[in-house]
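Student: I would like to go through this model with you, starting with how its parts are named.

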Amino acid sequence: MIRKEKLERLKSIVEELKTIQVIEREVEQKDRFLQSKPCYFKLNNGIILPRERLIKGGKNGSAAIIMPVLPNNEILTIIEPRVFTKLTVGVGFPAGYIENGEDTKIGALRELREETGFVPKDMIELDSFYQDEGVSSALNHIFLALDCEKKYDQELDKDEIIKYMTFNYDELFELEKMGYISGANTKLALEKSKVYKKGR
């Protein structure tokens, strides 16, 4: 069971980062990070079907999700605002977009270092998946980062706020049941890590 003081710390961070108002803004399509591009699928049988493809920052949006495990087996978890969930604060694993032409493992290492300052001794790719193949060609990769140690300061973008805490494996599933962990990427990474742990 999660220690009371650890849960109180998480609640305090969530409260600090909670969204109190969403202000919608008008922007030109060319200035948008997220864009949709109309396209058509011509099937082998001659049928043509319309669809829209999502483009993220001019790229396909492929990303890495990293589950960082420390030498004491605690798991590094990030807490960040700017999410459209009921809680308005995301609790999950470090993640980020892979640059065009970038090796996925290198991208995962870069994102982990930028968001947390932690560096692993080893990285294992657990799986890859398409998050929403109906509108995107983004292929996401789940990594397990082993024996992570803090070696650098965070290198966050100017509009990023990321705090982090560590939890043991059982506590993460408890946080999921409590509704703190609600994102599909983190939930899937947790499930895939079960298979890895079972095989060891």
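Tutor: Helices (H or I, at least four residues) and strands (E, at least two) are DSSP runs, numbered from the N terminus. Please bear in mind that the model is predicted.

Student: Understood. In which loop is N73 found?

Tutor: N73 sits in the loop that runs between strand 3 (63–68) and strand 4.

Student: What is the phi of N73?

Tutor: Phi of N73 is near 70°, which is a positive value in a residue other than glycine. For background, most residues other than glycine have a negative phi.

Student: And is N73 buried or exposed?

Tutor: N73 counts as exposed because its relative accessibility is 55%, and the cut-off for exposed is over 50%.

Student: What about T88, then: what is its phi, and where does T88 lie?

Tutor: T88 also has a positive phi, near 65°, and is likewise a residue other than glycine. The loop that holds T88 is the one between strand 4 and strand 5. T88 has a relative accessible area of 15%, so it is buried.

Student: How many bridges join strand 4 to strand 5?

Tutor: There are 3 bridges between strand 4 (residues 75–80) and strand 5, and the two run antiparallel. Among the residues involved, I79 has V91 of strand 5 as its bridge partner.

Student: New topic: how many salt bridges does a search of the whole structure find?

Tutor: The search finds 13 salt bridges. One of them pairs K163 with E16, whose closest N and O atoms are 3.0 Å apart. K163 belongs to strand 11 and E16 to helix 1 (residues 4–17), so this pair ties together parts that are 147 residues apart in sequence.

Student: What is the relative accessible area of K163?

Tutor: The value for K163 is 30%, so this residue is partly exposed.

Student: With which side chain does E111 meet in a salt bridge?

Tutor: The partner of E111 is R110, at 2.9 Å from N to O. Both E111 and R110 are buried. R110 also meets E114 in a salt bridge, at 3.6 Å from N to O. R110 and E114 are 4 residues apart in helix 2, which is about one turn of the helix. E114 is partly exposed, because its relative accessible area is 23%.

Student: Which residues do the salt bridges that share partners join into one network?

Tutor: The network consists of E102, R110, E111 and E114.

Student: Where is the place of E102, and with which residues is E102 in contact, leaving aside its neighbours within four places in sequence?

Tutor: E102 is in the loop between strand 6 (95–97) and helix 2 (104–116). With those neighbours left aside, the contacts of E102 are Y97, G107 and R110.

Methods: Residues numbered from 1 in each chain as written. Predicted model: local features only at pLDDT ≥ 70, side-chain atom pairs only at ≥ 80, totals over all residues. Heavy atoms only, no water. Pairing = 2+ DSSP bridges. Buried < 20%, exposed > 50% of the residue type's maximum accessible area, 1.4 Å probe, protein only. Contact = heavy atoms within 4.5 Å. Salt bridge = Lys/Arg side-chain N within 4 Å of Asp/Glu carboxyl O.
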